[in-house]
Amino acid sequence: MGHPLGATPSKVIAVHLNYRSRAAERGRTPDQPSYFLKPPSSLAGSGDPVYRPRSCELMGFEGEIALVIGRRACRVAPQDGWRHVAYVTAANDIGVYDLRHADRGSNLRSKGSDGFTPIGPRLLDARRLDPAGLRLRTWVNDELAQDDTSDTLLFSFGALIADLSRLITLDPGDVLLTGTPAGASVVSPGDTVEVEVGDGTVSTGRLRSPIAESDHDLDAWGAMPHAGQAERAAAWAKSLTPEPVLDKRIERELRNLAVATLSAQLRKRGLVQSSIDGLYPTRPADKMVGVAHTLRYLPLREDLFKRYGDGMNAQKRAVEELRPGHILVMDARGDTTAGTLGDILALRALRRGAAGVVTDGALRDSAAVSALDLPVYCGGTHPSVLGRRHIPWDTGIPVACGGALIQPGDLLVGDADGVVVVAPSMADELITDSAEQELQERFIAEQVQAGRPIEGLYPLGPAWQRQYEQWRVGFAQQGEPRAVSQ
C-alpha cells in the first residue's frame with residue numbers, strides 16, 4: 001500500500017478553516033486563511049489502517065481536497081497559483097481531539113501522528129481540472145457524511161498558494177490540504193472512512209481508511225489525553241451553547257409591536273419598500289422575529305443542476321448554517337410553480353433554532369409544515385420537488401424576496417399582516433417611536449369606543465394632546481389609563 005506520491009515531500013501544510021459550511025458549523029468565519037504543518041511521516045495510503053492511540057476516544061476525520069505542488073512557488077500572484085499545482089487527490093486530515101491541549105494551535109501531536117494523513121488513491125492531472133468544479137465526498141461505513149464543492153471555499157486554491165508563497169517557498173511534491181466542509185465528526189475502531197474527489201468525469205477513487213485501536217499504551221511521559229466538554233463538542237461539531245443571533249431585549253420589544261406599526265414608522269422615514277409582498281403565513285396567529293440568513297435560487301438550467309443541485313447543495317447548506325434566531329430568507333424570484341421548502345428541511349430548520357422561514361417561492365408538504373412550531377411565509381403552495389424550476393445557488397448574500405432587498409443580518413418581523421425588513425441600526429429608534437405610536441392608538445381607540453368623533457383625534461391633534469399626556473402618565477404609573485374628559 002502506501003501513498004501515491006513516491007518521494008517524500010518537504011512539507012505538508014493544512015488550512016484550518018476554508019469552507020463556508022464548516023465556518024457556519026463552527027460559528028466563525030476567518031478574514032484570512034491560517035495554517036498548520038503536518039509531518040511528512042504522517043502520510044499514508046488508501047487501505048492503510050489508522051490507529052487511534054489508547055486512552056483517546058475522540059478520533060476525528062476530515063475529508064479534504066489535497067493539492068500536490070508541481071512547480072516551485074515563491075511570491076506568486078493569486079491568479080497564477082493554480083499553475084503551480086501538478087496533481088489533485090483526496091485526503092483525510094485525521095486527528096485526536098484528546099491531545100489538542102498538548103500543542104494548542106499547532107496540532108503537532110493531535111494531527112501529526114504516523115498515518116494521520118492518508119492521501120490517494122489516484123492523482124488527478126490538475127491541468128485537466130477546473131479548480132472551482134471539484135466535488136468532495138466522505139463516507140463513514142458507507143453512509144455519506146460530507147458532500148461539498150470547491151466553489152464554496154472561503155479562499156480559493158490560487159489564493160492559498162499565493163498567500164503561503166509570500167513567505168514560504170513551496171517546492172515540487174509539497175502537499176496542501178485545503179480544508180474540510182461541514183459534517184466532519186468522530187469515528188471509532190471498526191469504522192471505515194472513505195474520501196473521494198472528482199469533477200463528474202474523472203475521480204481519485206475512494207481513499208479508504210480503516211480505523212483500528214493501537215496495540216500499545218501511550219507512554220506516560222509528556223502530555224496525556226484529555227477529553228472534556230469542550231473537546232467533545234468540537235469533535236462532534238456541536239456548539240456547547242449556541243449563541244442566539246438576536247439580542248433578547250430587541251427580540252422581546254419587536255415581538256410586542258405590530259407589523260403595521262413598524263411599517264408606518266418605516267414609511268415616515270422614507271422607506272416604502274420595506275415590506276415583503278405577496279406572502280401568506282402558515283401560522284397567522286404566530287409572531288415572527290429574527291435575523292435574516294439568505295439563500296438565492298436561480299432559474300433551472302439542466303446542464304448545471306447536477307453540479308449545483310445535487311448533494312450538499314446551497315439549500316441544504318443554508319439550513320445547516322442556521323443558528324438560533326435566524327430566519328431563512330429564500331429568493332425564488334417570485335416563482336411559485338415549484339417548491340422551495342418541504343417538511344424535512346423545515347423540521348431541520350426548527351431543530352437548528354430557526355425563528356422562521358420566508359420564501360417568495362412555493363411551499364410543499366404545506367400541511368406538515370404548518371403543523372410545526374415554525375412560522376413560515378410563502379408565495380404559495382406546490383407539490384413539485386426542487387429541480388422543476390430552481391437551482392439553489394448561494395447563501396449569505398443580499399437577495400430580493402417579495403420585492404424587498406434583504407441583506408444577511410437584517411431584522412425581520414412578521415405577523416398576520418405580513419413581514420417587514422428593519423435595518424439593525426434603526427432598531428432602537430423604531431422600537432421607541434413604534435411603542436409611542438401604539439400607545440397613542442390605544443388612547444385613540446378608547447376615546448372612539450367612548451363615542452368621541454375622530455376629527456382632531458385620529459391622528460392625535462393638538463386639541464387632544466393635554467388629555468393624552470394625562471392618560472399617558474396614569475398608564476405609566478399604574479399600567480392602566482386614567483379617565484379623561486373632553
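Modeller: Please do; let us begin with a term. A salt bridge is a side-chain nitrogen of Lys or Arg within 4 Å of a carboxyl oxygen of Asp or Glu. Please note also that this is a predicted model.

Colleague: Why is aspartate 415 said to have no salt bridge?

Modeller: The nearest side chain of opposite charge, lysine 287, is 4.7 Å away. A salt bridge requires a separation within 4 Å, and therefore aspartate 415, though buried, has none.

Colleague: What makes strands S10 and S11 a pair?

Modeller: Two strands pair if at least two bridges are found between them. Strand S10 (residues 135-140) and strand S11 (residues 143-149) are joined by six bridges in the antiparallel sense, so they count as paired. Valine 140 stands opposite glutamate 143 in S11. The two strands form a hairpin with two residues between them, and asparagine 141 in the turn has a positive phi of about 55°. S10 also pairs with strand S14 (residues 192-198), again antiparallel and over six bridges, with arginine 135 opposite glycine 198.

Colleague: How do you know that S22 and S24 are paired, and in which sense do they run?

Modeller: Two bridges join strand S22 (residues 362-363) to S24, and the strands run parallel. The requirement is at least two bridges, so this pair meets it. Leucine 363 has threonine 381 in S24 as its bridge partner. These strands belong to an open sheet with the order S20-S22-S24.

Colleague: What makes S20 and S24 edge strands?

Modeller: Strand S20 (339-341) and strand S24 (380-381) each pair on one side only.

Colleague: Why is one side of S2 and of S3 left without a neighbour in the sheet?

Modeller: They belong to an open sheet of seven strands in the order S2-S1-S12-S6-S7-S9-S3, with mixed pairing. Strand S2 (35-38) and strand S3 (43-44) each have a single partner strand, so one side of each lacks a neighbour there.

Colleague: Which residues form a nonpolar patch on the surface?

Modeller: Val448, Ile454 and Tyr458 form it, with about 300 Å² of accessible area together. Isoleucine 454 lies in the loop between helix H11 (427-449) and helix H12 (465-478).

Note on methods:
Residues numbered from 1 in each chain as written. Predicted model: local features only at pLDDT ≥ 70, side-chain atom pairs only at ≥ 80, totals over all residues. Heavy atoms only, no water. Patch = residues over 30% accessible without salt bridge, like charges linked within 9 Å, V, L, I, M, F, W, Y side chains within 5 Å. Areas by Shrake-Rupley, 256 points an atom, 1.4 Å probe, with all protein chains shown as cover. Helix = DSSP H or I, 4+ residues; strand = E, 2+ residues; numbered from the N terminus. Buried < 20%, exposed > 50% of the residue type's maximum accessible area, 1.4 Å probe, protein only. Lys, Arg positive; Asp, Glu negative; His and termini not counted.
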